[in-house]
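Let us walk through this fold step by step. Keep the sequence and the structure side by side as you read.

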Amino acid sequence: MPKGLIVLDVQEDFLRNTLDYIAPLCQRYINQHADEYAAIVLTRWVYDELEGRNTLLLSHPQAHVVEKRSYSGYTEDVRKILEEAGVDEVHIAGVDSEGAVLATMFSLVDAGYHVKILERLVTGYHGRNWEAMMIARHILGSENVLNIGGDRVWV
């Protein structure tokens, strides 16, 4: 079963001091596990105030960087990348568990993908990460919210 990884919006302009840990954790995970994925997608939320600046904090030679303008990371470009790679299971990590992570999860489930969330590699803006992961467990089943990917990190 080919797997895909979508890492949502780990960008400088979205992180505050309390969220800074997520960038090194996600980068480390990508570096250590890239070969396990048929497709890796790094999304970058683009909005008018960015004025053309790229604030994405992650990179990898195998990764596709995809711009998005909505909460869901399952864009038409991402659909094509996953389809071309033959992916049927998608892992989600990244920023905004209450918004982008759940929106992407629902979009992927609706599109027929088997979805897993890398719980220790997602974070929220509003201190509602726990509630967002409870919703994910309810929709996906507890076995699909994986407690992997986190580690100590110094920022």
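Two strands count as paired if DSSP finds at least two bridges between them. The model is a predicted one. β4 and β5 pair in the parallel sense, over six bridges.

Now step back to the whole chain. The protein has four helices and six strands. Along the sequence they follow the pattern β-α-β-β-α-β-α-β-α-β. The six strands form an open sheet, and the pairing is parallel. Read across the sheet, the order is β3-β2-β1-β4-β5-β6. At the edges sit β3, residues 63-68, and β6, residues 145-146. Each of these two pairs on one side only. Helix α3, residues 97-110, packs on the sheet. This helix touches β1, β3, β4 and β5. The direction of α3 makes about 165 degrees with that of β4.

Next, look at β2. Four bridges join β1, residues 3-8, to β2, residues 39-45, and the two run parallel. Ile-6 has Val-41 in β2 as its bridge partner. Val-7 stands opposite Leu-42 in β2. On to β3: six bridges join β2 to β3, again in parallel. Here Thr-43 stands opposite Val-66 in β3.

Is β2 enclosed or open to solvent? Seven of its seven residues are buried, so β2 is largely enclosed by the rest of the structure. Buried means under 20% relative accessible area. In a regular strand the side chains alternate between the two faces of the sheet. In β2, Ala-39, Val-41, Thr-43 and Trp-45 point one way. Ile-40, Leu-42 and Arg-44 point the other way, and all of these residues are buried.

Leaving aside neighbours within four places in sequence, Tyr-113 is in contact with Tyr-74, Arg-79, Leu-82, Glu-83, Val-87, Asp-88, Val-90 and Leu-108.

Finally, consider the overall dimensions. With 155 residues, a compact globule would have a radius of gyration near 15 Å; the protein has 14 Å, which agrees. The C-alpha atoms fill a box of roughly 35 × 30 × 30 Å along the principal axes. Buried residues make up 50% of the 155. Among contacts between residues at least 6 apart in sequence, 77% join residues at least 24 apart. The accessible surface comes to about 7900 Å², and 48% of it belongs to carbon and sulfur atoms.

Conventions:
Residues numbered from 1 in each chain as written. Predicted model: local features only at pLDDT ≥ 70, side-chain atom pairs only at ≥ 80, totals over all residues. Heavy atoms only, no water. Contact = heavy atoms within 4.5 Å. Axes fitted to C-alpha atoms, helices over the stretch in contact; angles between N-to-C directions. Rg over C-alpha atoms; globule rule 2.2 N^0.38 Å. Buried < 20%, exposed > 50% of the residue type's maximum accessible area, 1.4 Å probe, protein only. Areas by Shrake-Rupley, 256 points an atom, 1.4 Å probe, with all protein chains shown as cover.
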